[in-house]
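Me: Hi, could you help me look through a protein model? I'd like to take a few residues one at a time.

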Amino acid sequence: MYISEIKEISNYRNLSGKTIKFNATMNFLIGENNIGKTNILELLNIFLFNGKFIESDFAEVLQPIEIKLIIGYDADEVGFFEDNFDVDNSNAITLIAKQDSVDERINYFHDTPNQTKISATMIKKMNILYYYAQRMPLKEVDFRKTNGSGKVLNYLIQHSLETMGLEEKDILKRTKLKGIVKDVNKQINSLNTITGDKVNAYLDTDVDKVVCRMLGLGDENGRELGSLGEGIQYAFNILLQIVEIIHNTKIMRKPENFEERLINKNGKKLFPLFLLLDEPEVHQHPYRQRSLIKKIKELMNNENQVFVDLLKELFDVDGVIGQIFIATHSPNILLNDYRQFIRIFHPIGTSINEISIVSGCSITLDNTMYKHLLRSFLYLKEAMFSKCVLFVEGDTENGAMPVFADRMNFDYDENGVGVVKLDGADSVENCMKLYAEFKIKTIAMIDRDKKDKYSHIPDVLFTKGKDFEEDIYDNFTLTDYMKYNNCIGKIGAFVNILRPYGITLNVPNYRNNPDLFTVDTELQKQIMVDIKSSELTVLRDTKNASKAALLADYVTVIPKSFQKVIKKLKEEVK
């Protein structure tokens, strides 16, 4: 079961008039701050769980909010909505949520000519977990709490007591208590295998009245959870929240009613769940961001057998089934599938209140082209957050372009420009096609020796010289080129270069003050022409981003081809 599309949005925040298509398994909502990513998550949460819009949700407070949403499901899930399904697609149902005023609640309908009424109870059968970065897990993850994650931890204690057959009179027997801790930790360690952390229950020696007052959470060294960092707290609490939803659903219903809410698929009983995460990258370093999201994906796909076993033991279910929605600012958390990206953006040149939405699942790229793109996907993911993207061939251009931009008083970050290194020109056309689909403006800068092959592509610019090295060399005066070589420790080579021209170079004096060294302007030009071939060989043999950045810093004049690129970028992001 999955949300395939929000088909219509009327009078809700800044999303009125928008449609959004979703990937059936994983969706990353990408966009700058305050553009509407969280609005989408909260819309889904209100539709599927809260059942009521508040005053700030109404774009026009005197007009109703109406949302039309399509749920898709496969043959195993037919009947989840009883005998309701769309006429043109028996594996989908189009639901309407309508709230006429601030004081009312949402009424749900099946989108039929008669608008068949759907109960809110049926909607809530789909189950939703909305977890946002502003939550404070340390206040929730505590054996002493009786709600939220604390409620789950208390349930683990109750389950352990029942499993071990312990009665109340046994609780304060220390030998028995150690057994409880060991058994509780066995279950907690099932969650640890997912995150790779070592959160464990431990005995709190300051209190000895009841089990929940004697247990705390921390690592194997007895450090409390609060001292382990918010990243660990956040990840651990997500897992507890999933357990809590299943726990609450089960204890609030008769066994037969709980069974009815499960989806039987291939002989397994699966708990339906939509997981909404708002900025899960907060407090996580880049590697942990990627690791966390991969593990959550495995969990939702029931590929983590330890977690599956835990759910089977606690609730007699064989796993979960559902869909993940993630609002993020971090390229590190994105997986390598453009079809999971949903880009929310302000079209360049429009009002700050105007937004557009492009869903990757609506884009179809040739498989060969997509496999080709995967080689550069590390860079491509970061550029998904850009207003405009500049593609360059390799390390030298990638190192030089920020320096050129700085010299021309143009800040890439401030203007939302991403620079993507392609390791060659072969990917240029495919990458530009991908970003065009996501409505991201692209410009490419490649070597002139490839002009015949790529001149047909709009917004592809070429160096004036054969390549970057020739372009940059042609814009050096001899004295500035010598300063560059002095910086990289190769000024000594110019002793022999200058001798045939009757010029004596005192290297120690030069290193002490390069500005005192002067050569006639015309002679400088002649020397640069004479040594061009050999120097280009040296420059081309030692390509890297750091040397390119130094070349860009020392070159006398920014090559006109690169000036043209930066001027074009300025125009595109106005």
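Reply: What follows is a short talk about a few residues of this structure, which is a predicted model.

Me: Ok, which residues gather in a patch of positive charge on the surface?

Reply: The residues that come together in that positively charged surface patch are R448, K451, K466 and K564.

Me: And where does R448 lie?

Reply: R448 sits in the loop that runs between strand β18, residues 441–446, and helix α14, residues 451–454.

Me: Changing topic, in which helix is K568 found?

Reply: K568 belongs to helix α22, which covers residues 560–572, and with a relative accessibility of 25% K568 counts as partly exposed.

Me: What does K568 touch, not counting residues up to four places away in sequence?

Reply: With those residues set aside, K568 touches I443, D459 and L461.

Me: Last one, is T195 buried or exposed?

Reply: T195, which is part of helix α4 (residues 174–195), is buried, because its relative accessibility of 12% falls under the 20% cut-off.

Me: So what is T195 in contact with?

Reply: Leaving out the neighbours within four places in sequence, T195 is in contact with A235, L239, R288 and K295.

Key: Residues are numbered from 1 along each chain as its sequence is written. This is a predicted model: local features need pLDDT of at least 70, side-chain atom pairs count only at pLDDT 80 or more; totals for chains, interfaces and linings use all residues. Side-chain values use heavy atoms; hydrogens and water are left out. Patches are made of residues with over 30% relative accessible area and no salt bridge: like charges are joined within 9 Å, nonpolar side chains (Val, Leu, Ile, Met, Phe, Trp, Tyr) within 5 Å. Accessible areas come from the Shrake-Rupley method with a 1.4 Å probe; for residues, only the protein chains shown count as cover. A salt bridge is a side-chain nitrogen of Lys or Arg within 4 Å of a carboxyl oxygen of Asp or Glu. Lys and Arg count as positive and Asp and Glu as negative; His and the chain ends are not counted. The place of a charge is taken as NZ of Lys, CZ of Arg, CG of Asp or CD of Glu. Helices (H or I, at least four residues) and strands (E, at least two) are DSSP runs, numbered from the N terminus. Buried means under 20% relative accessible area, exposed over 50%, partly exposed in between (1.4 Å probe, protein chains only). Contact means heavy atoms within 4.5 Å.
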